[in-house]
Amino acid sequence: MLNIIICGAPGCGKGTQSDLLVNKYKLEHLSTGDLLRKEIAKKSELGLIADSYISNGNLVPDAMIIDILSKAINEQAEGVKGVILDGFPRTVAQAEALEVMLKKVNKEVSVLLDLTVDNDELINRLLKRGETSGRSDDNLETIKKRLEIYEIKTAPVSDFYKKINKYASINGMGSIEEIFERIAAVIDSKRQ
Ligand code: AP5
Ligand code: MG
């Protein structure tokens, strides 16, 4: 069973690489950002609350997102080969909660893949996507805020996984295919 966390700053390529990983390793993709955007599109109560955080570049509260993710993990179909967690955990409190959640169902994280990309490149990618994405957080002001929040709240999550020897840094600069090869090499080494 492969339970992979794909993490890194906004625009580092989590979603793009997750799509390729799903295809190659037949994993289920769980993106907390996508789950929240679905709620926003439905205009549900949860979506309205989430939108107020997302469009300002803030993280939604830990309790809210932990609840969403634990439901998704418990609803997982029998026989899946594993999961890619994209955008979760984003705080140390979320990482601790994930350990507890997975232990309950006799599972564990295989590895956290940390995609590292220069800030200028992140901003360019997100501004370009913002021309067509319709995402309320793809504008320069909110992108800068997201990058700040990432440094303060999410970067420390790496230390959590370094301490338990489940951390892998991946150079996220270059073509999508090159980056995928780097990721696949790490995953294949974990499967042996
Ligand atoms: P989320 O949806 O997770 O957004 P994010 O982390 O800001 O990251 P993005 O989805 O913008 O980027 P990505 O890394 O997926 O890159 P992508 O592949 O799209 O979260 C959004 C918000 O939801 C958060 O700010 C927060 O408010 C809330 N939230 C979500 N999870 C939460 C949690 N756990 N706790 C609390 N709040 C939470 O690529 C970006 C662009 O670059 C694309 O256009 C792509 O085509 C392009 N691209 C990709 N790779 C390359 C490449 N190699 N070269 C050139 N272009 C590339
Ligand atoms: Mg994404």
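This is a predicted model: local features need pLDDT of at least 70, side-chain atom pairs count only at pLDDT 80 or more; totals for chains, interfaces and linings use all residues.
Student: Why is the pair F160 and Y161 called edge-to-face?

Tutor: Two values decide that, because a pair of aromatic rings is described by the distance of the centres and the angle of the planes. For F160 and Y161 the centres are 5.0 Å apart and the planes stand at 65°. Rings pair if their centres lie within 6.5 Å, and planes over 60 degrees apart count as edge-to-face.

Student: Are F160 and Y161 buried or exposed?

Tutor: Both are buried. The term stands for under 20% relative accessible area.

Student: What makes K162 lie over the face of Y167?

Tutor: The charged atom, NZ of Lys, has to be within 6 Å of the ring centre and within 35 degrees of the ring normal. K162 is at 4.8 Å from the ring centre of Y167 and lies over its face.

Student: How do you know that K14 makes a polar contact with ligand 1?

Tutor: A polar side-chain atom of K14 lies 2.9 Å from an oxygen atom of ligand 1. The limit for a pair of N or O atoms is 3.5 Å, so this is a polar contact. R37 has such an atom 2.8 Å from an oxygen atom of ligand 1, and Q94 has one 2.9 Å from a nitrogen atom of the ligand. Taken alone, ligand 1 exposes 1,000 Å², of which the protein buries 87%.

Student: Which residues come nearest to ligand 1?

Tutor: Of the 31 residues around ligand 1, these are T16, N58, R90, R129 and R146. The space that ligand 1 takes is the largest pocket.

Definitions and conventions: Residues are numbered from 1 along each chain as its sequence is written. Chains are lettered from A and ligands numbered from 1 in the order in which they are written. Side-chain values use heavy atoms; hydrogens and water are left out. Rings of Phe, Tyr and Trp (its six-membered ring) pair if their centres lie within 6.5 Å; planes under 30 degrees apart count as stacked, over 60 as edge-to-face and the rest as tilted. Buried means under 20% relative accessible area, exposed over 50%, partly exposed in between (1.4 Å probe, protein chains only). A residue is near a molecule or strand if one of its heavy atoms lies within 4 Å of it. A polar contact is a pair of N or O atoms within 3.5 Å; within protein, one must be able to donate a hydrogen and the other to accept it, and residues adjacent in sequence count only if both atoms are side-chain atoms. Accessible areas come from the Shrake-Rupley method with a 1.4 Å probe; for residues, only the protein chains shown count as cover. On a 1 Å grid over the protein atoms alone, a cavity is a set of points where a 1.4 Å probe fits but cannot get out, and a pocket is an open set with protein on both sides within 12 Å along at least five of seven lines; lining residues have an atom within 4 Å of a point. A molecule sits in a cavity or pocket if more than half of its atoms lie within 2 Å of its grid points.
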